[in-house]
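Me: Could you take me through this model and tell me what stands behind each label you use?

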Amino acid sequence: MSRKKVVVAGGGAAGLTAAIMAARKGAEVTVLEQNEKPGKKICATGNGKCNLSNTKLPKDAYRGSHPQFVQGALSQFSQQDTRSFFEKMGIYFTDRDGCLYPRSGQAQSVVDVLVLEARSLGVKIKTNEKVTGIRREECWKVYTEGWHYPAEAVILANGSKASAISGSDGSGYLLAEALGHHVIKPLPALTALKCQGKGFSAWAGVRTEGEVTLCIDGKPLYRERGELQLTEYGISGIPVFQISRYAVRALDEKKAVSLNVDFLPEIAVESFPGFLEERRKSCPYKSEKELLLGIFPDKLIKVLTGQKNLTEAVKAFPLKVTGGMSFAQAQVCSGGVDTAEVDCMTMESVLNKGIYFAGELLDIDGMCGGYNLQWAWSSGACAGSHAAEILS
Ligand SMILES: Cc1cc2nc3c(=O)[nH]c(=O)nc-3n(C[C@H](O)[C@H](O)[C@H](O)COP(=O)(O)OP(=O)(O)OC[C@H]3O[C@@H](n4cnc5c(N)ncnc54)[C@H](O)[C@@H]3O)c2cc1C
């Protein structure tokens, strides 16, 4: 029996996993990667250390028009399966509060084990090969600049438009649209937020614990706590990243977007005046600014005490959000190929038999903490396994 030909567009996290799983099922697999080497974005993840999964799975870890779509792939290739998959290929893990990293501290080792495994299974990885079109002829044909590859199944794993890493050019959206798929407008997600105002240079560089509440059209909707980074243009840090996709999408829909920043979430707002009074009693010689010493960094004290109402400044500092950063500065995109047109159990297109999708190209984005790579491994594994099944 001849082997099923599977072509994978994109040699990133989802594409390499899909290729390995398809080859393990006996398919003849070719990966087409437009860069000079595969896995470039993986190398940049987790500050070069690659937070490749998370042992925890919060309810809101995944977002998109149909976030429950992820359950199909995660139920077939879970976080535990990801761990075993990489352990068998030689990755020894370090667990930092649930976030999993290769113990080597090098994201490159994740790429290396994937490429070694793929090659050992006979997967052909063709670099400097940009997919420019996919057409149904006597079988599927995948066109590149100057060549074409016949296939019984094609997996689109082209990633998104996010990050300045070359290859994140959004060409996968065009390939999907040419096949009749609807693409939900891609927008930057996991990004810092720009805010209205001129005085931010006064707090630029400050890192402090706090809680941000995102308000859309005046309604408080999302809240995150952790280390905030105050910047020249507004605000950043993991809590801001986590809520940024909602802020950017609401702005795109012309809604009013604001943040309230609580710089001292450990103390309830009604207790704050009494808390300050106690500090005044124990050190009556201190000015208002000096009373905040030891709680906040100097630069932040200057900004807070410069406001009309100190309680409001500390407990609900108001910021009007004007935008996210560019695609180049965002870690992922929200939006992508509409998951309503993809079978969540196989990742196969419901419009085109033999076309599969995986990874960030789909309208799924995850929180920070290893969830985006987890989605790439799970959806890639699911697409690869099903694409390799012999057509009945
Ligand atoms: C700075 C940064 C840090 C991050 N850190 C983390 C982290 O620690 N943990 C985490 O979970 N997530 C992290 N992410 C997100 C994560 O990297 C992505 O969600 C993930 O890589 C998506 O995998 P993918 O395979 O779908 O896409 P990609 O990894 O982007 O791979 C797509 C591949 O397809 C290729 N391609 C595109 N179009 C074509 C075409 N037409 N023809 C041929 N090839 C094509 C591209 O060159 C690319 O190699 C980070 C992202 C960034 C930018």
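Me: What makes up the shell around the ligand, by class?
Reply: The shell has 15 nonpolar, 20 polar and five charged residues. Here Ala, Val, Leu, Ile, Met, Phe, Trp, Tyr, Cys and Pro count as nonpolar, Asp, Glu, Lys and Arg as charged, and the others, Gly among them, as polar. This is a predicted model: local features need pLDDT of at least 70, side-chain atom pairs count only at pLDDT 80 or more, and totals for chains, interfaces and linings use all residues. Residues are numbered from 1 along each chain as its sequence is written.

Me: Which residues surrounding the ligand are the closest?
Reply: Of the 40 residues that surround the ligand, the closest are Gly-10, Gly-12, Gly-159, Gly-167 and Gly-359. A residue is near a molecule if its C-beta atom, placed from the backbone, lies within 6 Å of it.

Me: Why is the crossing of helix 1 and helix 12 called right-handed?
Reply: A crossing is right-handed if the near helix is turned clockwise from the far one by less than a right angle, and left-handed if anticlockwise. Helix 1 and helix 12 pack at an angle of about 35°, and their crossing is right-handed. Their axes, lines fitted to C-alpha atoms over the stretch in contact, with angles running from 0 to 180 degrees between N-to-C directions, are 7 Å apart. Helices are DSSP runs (H or I, at least four residues), numbered from the N terminus.

Me: Which residues meet there?
Reply: Ala-14 and Ala-18 are among those in helix 1, and Gly-380 and Gly-384 among those in helix 12. Contact puts C-beta atoms, placed from the backbone, within 7 Å. The residues of this contact divide into 14 nonpolar, six polar and no charged.

Key
Helix = DSSP H or I, 4+ residues; strand = E, 2+ residues; numbered from the N terminus. Contact = placed C-beta atoms within 7 Å.
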